[in-house]
Amino acid sequence: MTLREFLSDRLFRIITPLLCFTIAILFLRATGTQSGVLAILAAVFLLVFCAVQLSDFFSQRTRLRELESILDSLDRKYLFTECVPPPQNLYERRLFNLTRRAGRAMTGAVSDAQASQREYREYVEQWVHEIKAPITAARLICRDLDGEPRRKLISELAQVEAHVERALFYARAESPERDFLLRQVKLEKIAAQAIENHRSLLIQNGIRVETEGLNCTVYTDEKWAVFILGQLLQNAARYRGEAPVITISAHPLGKQVRLTVSDNGIGIPAHELPRIFERGFTGSNGRSRGGSTGMGLYLCQKLSGFLELGLDIASEQGKRTTVTLIFPAKQNLTKL
């Protein structure tokens, strides 16, 4: 709080006593009080008045700085009213009591919302595990089919599995700290698992996958990294071009590792690149080809942020798209 703010806030309470004192001085002057006496009264009044105002200013500023310091030191800001020192006067007591009641009501609402969110997450996870059984049964039934019906059914089941997996990771992304484990893993293993998970999709679309330099070791959550790479493979398959090729390569960057996923697909319009990580954004390619939910890249960015991965996309419309993942060095990971 500055002196100007203080004076502006107390303008009425400053002007009123000054106006009253001025009227009193004029009255005394009219009744014949000597000018010297009036000058002494005015000097004493102004001195005391200014001293009182400055004392209030420094007292309030010190109090505000103390409260701001307490608030800044709290991780959970909504507990501020429970941690402040005792109020200094009746007004503060009443105000802090009201604020504390509001804070407790908010804390209760937050707790209820967190409980509801946790229940929803647990339900989604349970549903995902339950839905895998009929999907597996449907795949077994496909073995008895031949030709085009079998190919189409397998393709649709692959899409169902992709949506189910996306729903599972979306639910887990709300509280990722409960479901991740950072450890040493080979990029070759991550890439192989992601390719295997989407083998049917890649074969169906005639996509050739080339790998290079994947014998690097990184520190990450293997399951989440496989999911992120799988989303990138799905996008490359959905927005493929002629003679589609996906290249997965890795290059050391000091103690970090750069993983790039490049394709020769239809690319992304330049004006849409700033929005591709927005939740639900499908873009012109997604609308024209259909089947896009706008959730894949959103989840990739969210999970990458928690895994402390650098994520960047460069694209040239009609030619290529390159996604770059930077895996951090072990000593730079704050969650180990």
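Helices (H or I, at least four residues) and strands (E, at least two) are taken here as DSSP runs, numbered from the N terminus. The structure is a predicted model, in which local features need pLDDT of at least 70, side-chain atom pairs count only at pLDDT 80 or more, and totals for chains, interfaces and linings use all residues. Residues are numbered from 1 along each chain as its sequence is written, and side-chain values use heavy atoms, with hydrogens and water left out.

Glutamate 308 is found in the loop between α11 and β6, where its phi is near 65°, a positive value in a residue other than glycine. At 21% relative accessibility, glutamate 308 counts as partly exposed, given that buried means under 20% relative accessible area, exposed over 50%, and partly exposed in between (1.4 Å probe, protein chains only). Alanine 243, placed in the loop between α9 and β4, likewise has a positive phi, near 45°, and is a residue other than glycine. With a relative accessibility of 61%, alanine 243 counts as exposed.

The interior is described next. In soluble globular proteins, nonpolar side chains tend to be buried together. A nonpolar core is defined as a set of buried Ala, Val, Leu, Ile, Met, Phe, Trp, Tyr and Cys residues joined through side-chain atoms within 4.5 Å. The largest nonpolar core contains 49 residues, of which Leu187, Ile190, Leu232, Ile246, Leu259, Leu325 and Phe327 touch the most other members. At least two residues of this core are supplied by each of α7 (187-197), α8 (199-204), α9 (222-238), β4 (245-253), β5 (256-263), α11 (296-307), β6 (310-316) and β7 (320-327), and the largest share, 10 residues, comes from α9. Contact is taken to mean heavy atoms within 4.5 Å. Not counting residues up to four places away in sequence, phenylalanine 327 touches Leu187, Val218, Thr220, Gln256, Val257, Leu259 and Leu309.

Several residues of the strands were also examined individually. Threonine 324 has its place in strand β7 and, at 18% relative accessibility, counts as buried; leaving aside residues up to four places away in sequence, threonine 324 touches Arg258, Leu259, Thr260, Gly310, Leu311 and Asp312. Serine 249, in strand β4, is buried at 7% relative accessibility, and beyond residues up to four places away in sequence serine 249 touches Glu212, Leu214, Arg258, Leu259 and Thr260. Histidine 251 also lies in strand β4 but is partly exposed, with a relative accessible area of 29%. With residues up to four places away in sequence not counted, histidine 251 touches Glu212, Val257 and Arg258.

Two packed helices are described by the angle between their axes and the distance between the axes. Axes are lines fitted to C-alpha atoms, for helices over the stretch in contact, and angles run from 0 to 180 degrees between N-to-C directions. The axes of α9 and α11 come within 10 Å and cross at roughly 150°, and α9 and α11 are therefore roughly antiparallel to each other, since angles under 35 degrees count as roughly parallel, over 145 as roughly antiparallel, 65 to 115 as roughly perpendicular and the rest as oblique. Residues that make the contact include Trp224, Phe227 and Leu232 of α9 and Leu299, Cys300 and Phe306 of α11. By class, this contact of α9 with α11 has 10 nonpolar, four polar and no charged residues, where Ala, Val, Leu, Ile, Met, Phe, Trp, Tyr, Cys and Pro count as nonpolar, Asp, Glu, Lys and Arg as charged, and the others, Gly among them, as polar.

Helix α11 also packs with α6 (residues 147-172), at an angle of about 40° and with the axes 11 Å apart. This contact is made by Arg166, Phe169 and Tyr170 of α6 and Gly296, Tyr298, Leu299 and Leu303 of α11, which divide into five nonpolar, one polar and one charged. On α6, a further packing is formed with helix α5 (residues 90-142), at an angle of about 165° and with the axes 10 Å apart, which makes α5 roughly antiparallel to α6. The contact of α5 with α6 has 16 nonpolar, one polar and six charged residues.
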